[in-house]
Amino acid sequence: MKYNRCGKSGLLLPQISLGLWHNFGSVDSFENGENIVKAAFDKGITHFDLANNYGPVPGSAETNFGKILKNNFQGNLRDEIVITTKAGYTMWNGPYGDWGSRKYLLSSLDQSLKRMNLDYVDIFYSHRFDPETPLEETMMALDYAVRSGKALYAGISNYNAEQTREATEILKRLGTPCLIHQVKYSMFVREPEEGLLDVLEEKGVGCIAFSPLAQGLLTDKYLKGIPENSRASNPNGHLQLEEVSEAKVQKIIALNEIAKGRNQSLAQMALAWLLKDNRITSVLIGASSVGQLNNNIDSLQNLDFSAAELLEIEGILGQ
Ligand SMILES: NC(=O)c1ccc[n+]([C@@H]2O[C@H](COP(=O)([O-])OP(=O)(O)OC[C@H]3O[C@@H](n4cnc5c(N)ncnc54)[C@H](OP(=O)(O)O)[C@@H]3O)[C@@H](O)[C@H]2O)c1
């Protein structure tokens with residue numbers, strides 16, 4: 001595993017990080033999730049990403065991750081991993097369990113720490129921009145989380161370029177630099193290229209790309225319809241059936257041919273394609289099996305693209 005510096009910080013993150021959004025909830029097999037985390041760490045994945053609401057049920061991915069830590073990461077091993085959590089989406093009833101108030105963020109962080117049985121997380125994120133709460137208040141909550149020792153670094157997620165510029169400037173003034181932006185980015189989701197990546201580079205903020213496989217679309221999984229054990233067919237999955245459209249499948253088929261020419265799986269090529277940009281600190285994958293995880297890690301064996309390959313890929317994506 002190679003470790004990239006996160007923006008202009010002192011923190012190194014693995015090129016591939018593991019997220020626990022799907023497959024780690026109370027509805028899932030605990031043993032399978034535990035095996036995935038153990039296999040990831042054995043291969044050098046030192047960064048595990050959570051959020052208060054991951055499950056289902058919301059919170060259960062953190063509870064399960066706490067058990068995985070207890071079973072496998074005792075003692076100083078905690079110092080060998082980076083654990084992140086977030087607050088920003090709906091978590092509990094009433095006016096204080098959603099969006100970006102100080103009240104919500106800080107009580108949610110306490111709840112997350114309890115669920116995972118941790119003294120601190122490495123990174124605490126504002127999960128989304130809140131148009132109703134002053135940005136100063138949300139950023140002051142992140143700053144406080146760091147100053148109180150409950151988080152080591154602050155991050156933001158799903159903020160657009162302008163919101164990111166403002167948030168990083170406020171955090172800088174407060175004395176807690178913005179470490180990282182967690183952004184949806186893949187061959188199928190290109191919006192970050194329209195200004196956000198430039199702001200991150202200018203401000204020295206790291207970038208971790210989530211759903212780099214477009215929730216499994218950028219793999220060989222949907223080449224021949226929708227298999228039973230797939231996120232698209234899972235009632236708890238966030239990949240809607242409509243997203244597996246005929247037009248998308250045609251692109252997937254064409255991309256798969258280029259991947260074959262590179263002796264890679266489509267998943268491997270999709271990850272390599274993101275990592276070729278040195279503004280991307282890490283790609284944040286999900287996996288429903290150890291086999292998928294290993295397949296994705298092998299993407300690191302070939303991160304180079306010829307100009308002709310890149311052109312061909314752009315041609316397919318632009319169709
Ligand atoms: N900040 C945010 O708002 C936000 C939002 C979403 C996600 N995230 C973070 O990003 C992480 C990753 O998101 P994601 O799970 O959508 O990422 P992803 O890597 O795009 O999709 C992962 C899914 O693709 C399929 N897959 C993975 N590798 C495969 C392979 N080699 N071959 C075939 N299929 C494969 C599996 O689904 P199957 O079930 O079909 O096997 C797997 O669960 C999350 O866990 C979370 O930490 C953050």
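Biologist: Is Pro-95 buried or exposed?

Modeller: This is a predicted model. Pro-95 sits in the loop between strand E5 (82–87) and helix H3 (102–116). Pro-95 has 9 C-beta neighbours inside 10 Å, so it counts as exposed.

Biologist: How many Å apart in space are Pro-95 and Glu-132?

Modeller: In sequence, 37 residues separate Pro-95 and Glu-132. From C-alpha to C-alpha, the distance in space is 13 Å.

Biologist: Are H7 and H10 roughly parallel or roughly antiparallel?

Modeller: Helix H7 covers residues 246–261, and helix H10 covers residues 307–317. Their axes are 10 Å apart, at an angle of about 170°. Angles over 145 degrees count as roughly antiparallel. Therefore H7 and H10 are roughly antiparallel.

Biologist: Which residues of H10 meet H7, and what classes make up the contact?

Modeller: H7 brings Lys-251, Ala-254, Leu-255 and Ile-258. H10 answers with Glu-309, Glu-312, Ile-313, Ile-316 and Leu-317. By class, the contact of H7 with H10 holds six nonpolar, no polar and three charged residues.

Biologist: How do H7 and H8 lie to each other, roughly perpendicular or roughly parallel?

Modeller: The axes of H7 and H8 come within 9 Å. They cross at roughly 85°. Angles from 65 to 115 degrees count as roughly perpendicular. So H7 and H8 are roughly perpendicular.

Biologist: Which residues of H8 make the contact with H7?

Modeller: From H7 come Ile-252, Leu-255, Asn-256, Ile-258 and Ala-259. The contact of H7 with H8 has six nonpolar, two polar and no charged residues. On the H8 side, the residues are Leu-266, Gln-268 and Met-269.

Biologist: Which element supplies the largest share of the shell around the ligand?

Modeller: There are 30 residues around the ligand, and Leu-213 is one of those that come nearest. Strand E10 (282–285) and helix H9 (290–297) each supply at least two residues of the shell. The largest share, three residues, comes from H9.

Note on methods
Residues numbered from 1 in each chain as written. Predicted model: local features only at pLDDT ≥ 70, side-chain atom pairs only at ≥ 80, totals over all residues. Near = placed C-beta within 6 Å. Helix = DSSP H or I, 4+ residues; strand = E, 2+ residues; numbered from the N terminus. Axes fitted to C-alpha atoms, helices over the stretch in contact; angles between N-to-C directions. Parallel < 35°, antiparallel > 145°, perpendicular 65-115°, else oblique. Contact = placed C-beta atoms within 7 Å. Nonpolar A, V, L, I, M, F, W, Y, C, P; charged D, E, K, R; others polar. Buried ≥ 20, exposed ≤ 12 C-beta atoms within 10 Å, placed from the backbone.
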